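Please look at the sequence and the model below, and then read the report that follows with the structure beside it.

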Amino acid sequence: MDKQKQQEYQKMVERASPNSPIFADCLRAFLVGGIICTIGQCIMNFCLSMGADMENASTYTSVILVVAASILTGLGWYGKLGKFAGAGSIVPITGFSNSVTSPAVEFKKEGYVLGVGAKIFLIAGPVILYGVISSMLVGIVYYFVR
Amino acid sequence: MDYIKAFVVGGIICVIGQILIDKTKLTSARILVLFVVLGCILGGLGIYQPLVDFAGAGASVPLPGFGNLLAKGVKQEIDQSGALGILTGGFKASAAGISAAIVSAFIMSLIFDPKEK
């Protein structure tokens, strides 16, 4: 009975809430995500002009963006950007960096081993785990198919 | 021109993430995992690399680019050192990004205290 009521309520909410928030969310995500990638392109072009090859330029770009996002997270600015930008600040690699730094600072009070040390992998852990597993699957297929 | 390509392609990848968040209530952690895995699979199939060649940072800065890097690394390692590359490739390719992320996170935790909410 309660479940039915909940479902009805859910339907009412869906009908009442306008569609525009999704559009506005997407526009903000597009703008901020696009700007972060454009900054990345600037860094990459700079590295290329300094004589780095494509692969190294790409790695330098990731590292610089990761460190910058980490500092901004420490200052508390990246969180504010996240409230505005949604996925625009989550999907770029800066979002990954934010998700590593943010729990590290947050759980400082629980100590440097089980606080910072463990919580640093709160979100990096799953990303590394499933990233490595899927890279191994790709590797196994590639090993037999190539 | 490459700035416009990076802006548009990077923006579109973020919009896909935003639609997933709004429509499916996926948490940001799940989005991160999903995008890296997707990027790795697309990279493995050779679909993602052309996008990187086209859009530069627009495709390599978003997380699927990170996944693509894993796939690329594992293939390179297999070419160089055979079956052992299946185990080492992913970690080697992602080492720079992950080391930078955890070391700078650690330094930030030394400098900053949690913000009052």
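Read from one end of its sequence to the other, chain A follows the pattern α-α-α-α-α-α-α-α, and the count is eight helices and zero strands. Here helices (H or I, at least four residues) and strands (E, at least two) are DSSP runs, numbered from the N terminus.

This is a predicted model, in which local features need pLDDT of at least 70 and side-chain atom pairs count only at pLDDT 80 or more, while totals for chains, interfaces and linings use all residues. Residues are numbered from 1 along each chain as its sequence is written, and chains are lettered from A and ligands numbered from 1 in the order in which they are written. The pLDDT is the predictor's confidence in each residue, from 0 to 100; chain B averages 94, and 98% of the residues of chain B score at least 70. For the complex, the predictor gives an ipTM of 0.93 and a pTM of 0.89.

The radius of gyration, taken over C-alpha atoms, is 20 Å for chain A, whereas a compact globule of 146 residues would have one near 15 Å, by the rule of 2.2 Å times the number of residues to the power 0.38. The C-alpha trace of chain A spans about 65 × 50 × 35 Å along its principal axes. An automatic or database domain assignment sets the domain bounds, and they are listed in the table.

| Domain of chain A | Residues |
|---|---|
| domain 1 | 2-89 |
| domain 2 | 107-146 |

The C-alpha centres of domain 1 of chain A and domain 2 of chain A lie 21 Å apart.

The contact between the chains takes 63 residues from chain A and 63 residues from chain B, where two residues are in contact if their C-beta atoms, placed from the backbone, lie within 7 Å. On the side of chain B that touches chain A, α6(B) gives the most, with 18 residues.

One residue can be followed in detail. Ile123(A) lies in helix α8 (residues 121-145) of chain A. Is Ile123(A) buried or exposed? Ile123(A) is buried because 22 other C-beta atoms lie within 10 Å, and the cut-offs are 20 or more for buried, 12 or fewer for exposed, and partly exposed in between. Leaving aside neighbours within four places in sequence, Ile123(A) is in contact with Ser99(A) and Val100(A), and also with Ala29(B) and Leu32(B).
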